[in-house]
Amino acid sequence: MENTIGKSNTGDKANVRVVVVGDSGTGKSSLIVTAAAETFPQNVPPVLPPTRLPADFYPDRVPVTIIDTSSSMEHRTKLAQELKLADAVVLTYACDTPATLDRLSTFWLPELRRLEVKVPVIVVGCKLDAREDTQVSLEQVMSPIMQQFREIETCIECSARSLIQVPEVFYYAQKAVLHPTAPLFDQETQTLKPRCVRALKRIFILCDEDRDGALSDRELNDFQVKCFNAPLQPSEIVGVKRVVQEKLSEGVNDRGLTLTGFLFLHALFIEKGRLETTWTVLRKFGYDNEIKLRDDLIPLSFKRAPDQSVELTTEAVDFLKSIFNLFDLHGDAALRPAELDDLFSTAPESPWSEAPYKESAEKTALGGLSFDGFLAQWALMTLLDPVKSVANLVYIGYQGDIASVLRITRRRRLDRKKQQSDRNVFQCFVFGPKGAGKSSLLNSFLGRPFSEAYSPTTTERFATNTVDHLGGNKKTLILREIPEDGVKRLLSSKEYRLVTGLGSESVCGVKKIYPGIYPLRGPLWDTIDNGKTSARSSDEKSWKRATELLVDVAGHGEDSGFEVPCLIVAAKDDLDPFPLSIQNSTRVSQDMGIEAPIPVSMQLGDLSNVFRRIISAAEHPHLSIPETEAGRNRKQYRQFVNRSLMFVSVGAAVAIAGLAAYRVYAARKNTSG
């Protein structure tokens, strides 16, 4: 279980700032003075200075600072400033003045929304002692207003003059901040919110040490001691289970309190206004006010250079394998959508439900993920966001040393020096002109059938899968498709500088240097000539544009001093080729010193081992580096200068040696003379 020593059960809030607003004459200042002094004041100034209730004033031992405000028009700017700093708002009306009650919904609550004040609101009816007995109840009055304005946390009536329920006003305000309702409970449906259910389910599983699906008396007692530092008496345990069973028969079985019963108990606590009970449990298990694990429970303080990346370790993979097998209820070596949802049901939300993870891995006919696809998804998440990856490992049950789940790869510069990479995960940028087959390449990588329909890519897209490599090894390849109009933006971005190892700082979740793919040949219908489609003009246009992209990337690497290995892929090999495109593309690859174009056909399923060849290029980063004419000229010039310097150095050495010899000769001659 998580270590939460030193962490407060109030979310580490050091002070609660409550701003009191309302119409003039509703009793704001009298309410504040009476709460602090516990006596009704005879004379009160129009607006009080900030008033502080000390830490020991309420059980949570967190001080409260109360800010009085003026409702006059000339002080509206000051009022807005104070409201933006508020942790909670106490909104007053006078029980003996119905017009001030009407103003809550006609002015004050809409004004709070206009100012975007998103904090709990406590509505307080002051001057209860002056209210007529014939007036309707508070519940009848406030129910329609609370239905319209869900930000109202609670309503209360009080009397400063008669000292009725005055301390309770600021207690409820403090409680609304320290133990908020909104993250836990949906007032409209009267149910626990999904994220709260997920967190409580994880806590239940962690406390269910024998994994029998129920909390035994011993496990319930251990839970009580951990969260509240006090054991339960046997009679109390019996009482708890009896309350649950009377309301919900499936909440208890012969082994103890079930998950359903555990969730029911917390819903009951919240309905009874005992939110602090559920919050204490959540905070003891490391959750913050957003019901996510606190940052200090997922320490990723490792340092890495810009040309290093992060991968999951063997220990992490072994854990994922055990989790995969645990949730593969059908035993079909795949996690179906419902099984995957169940696996992530203890995380705040499923991490793969949205882009870039959604639809990025290969699926079975039933929409399931194979184990290789499952690991590939984790590799992608670790690549893009290592912190998120580690957090989700913890959410789904990993309880080992956090530092043992991630591995920092060797520096890319050292890889080039050793002419070999030690990485297991490689990212490949897929550049190319529109219609060149980029999306089809990604689809084929994920085992999806070829489609004749053309849909241009407008945003970046990822595809991840494992590749059976030479020697029986498996490597993970991540293809990242870049729209044609996004290439220049990417090359000039800070992210690309970091991806290619050019930056001086490290950004979480960004891989470093990988090969690029440049599909050459475009679709049949890119160019119209005399009312007919022209395959040849389209092919010619496509390979020329691909060459331009290749030169852009190569030149960028040469200018920066950190080149990127590249491959050229000649897509749509099933079509009749444009003759010059083959010759010219081969010449371009020879001139730039890289491998000849790799012909592939996604339609025929002939991929020429292209994915293995990408892995090979990534594993040997000193090869497949394209060289432009300008770069070659600069290199030749540097070589010439270096040779010249060497000759000068040798000549200088000879001259110095000759001078030294002459001096020795002259000295001997003088001696003999």
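Helices (H or I, at least four residues) and strands (E, at least two) are DSSP runs, numbered from the N terminus; counted in this way, the protein has 22 helices and 23 strands. The model is a predicted one, in which local features need pLDDT of at least 70 and side-chain atom pairs count only at pLDDT 80 or more, while totals for chains, interfaces and linings use all residues. Residues are numbered from 1 along each chain as its sequence is written, and side-chain values use heavy atoms, with hydrogens and water left out.

**Exercise 1.** Determine which residues of helix α4 are buried and which elements they pack against.

*Solution.* Take buried as under 20% relative accessible area and exposed as over 50%, with partly exposed in between (1.4 Å probe, protein chains only). In α4, residues 138-148, the buried residues are then V141, M142 and I145. Seen down the helix axis, these fall within an arc of 70 degrees, so they line one face of α4, the arc being that of the directions from the helix axis to the C-beta atoms. E139, Q140, P144 and Q147 are exposed on the other side of α4. With contact meaning heavy atoms within 4.5 Å, the buried residues of α4 pack against α3 (98-114), β5 (121-126) and β6 (152-157).

**Exercise 2.** Describe how the strands β1 to β6 are arranged in their sheet, and which helices pack on the sheet.

*Solution.* Two strands pair if DSSP finds at least two bridges between them. The 6 strands form an open sheet with mixed pairing, in the order β2-β3-β1-β4-β5-β6; its edge strands, β2 (51-53) and β6, each pair on one side only. Within the sheet, β4 (88-94) and β5 pair in the parallel sense over 6 bridges, and L91 has V123 in β5 as its bridge partner. Next come the helices, for which axes are lines fitted to C-alpha atoms, over the stretch in contact, and angles run from 0 to 180 degrees between N-to-C directions. Helix α3 touches β1 (16-22), β4, β5 and β6, and its direction makes about 155 degrees with that of β4. Helix α5 (166-178) touches β1, β2, β3 (64-67), β4, β5 and β6, its direction making about 125 degrees with that of β1.

**Exercise 3.** Characterise the packing of α8 against α9.

*Solution.* Helices α8 (234-247) and α9 (259-271) pack at an angle of about 95 degrees, with their axes 10 Å apart. That makes α8 roughly perpendicular to α9, a class that covers 65 to 115 degrees. The contact is made by V240, V243, V244 and K247 of α8 together with G261, F264, L265 and L268 of α9.

Note on methods:
Angles under 35 degrees count as roughly parallel, over 145 as roughly antiparallel, 65 to 115 as roughly perpendicular and the rest as oblique.
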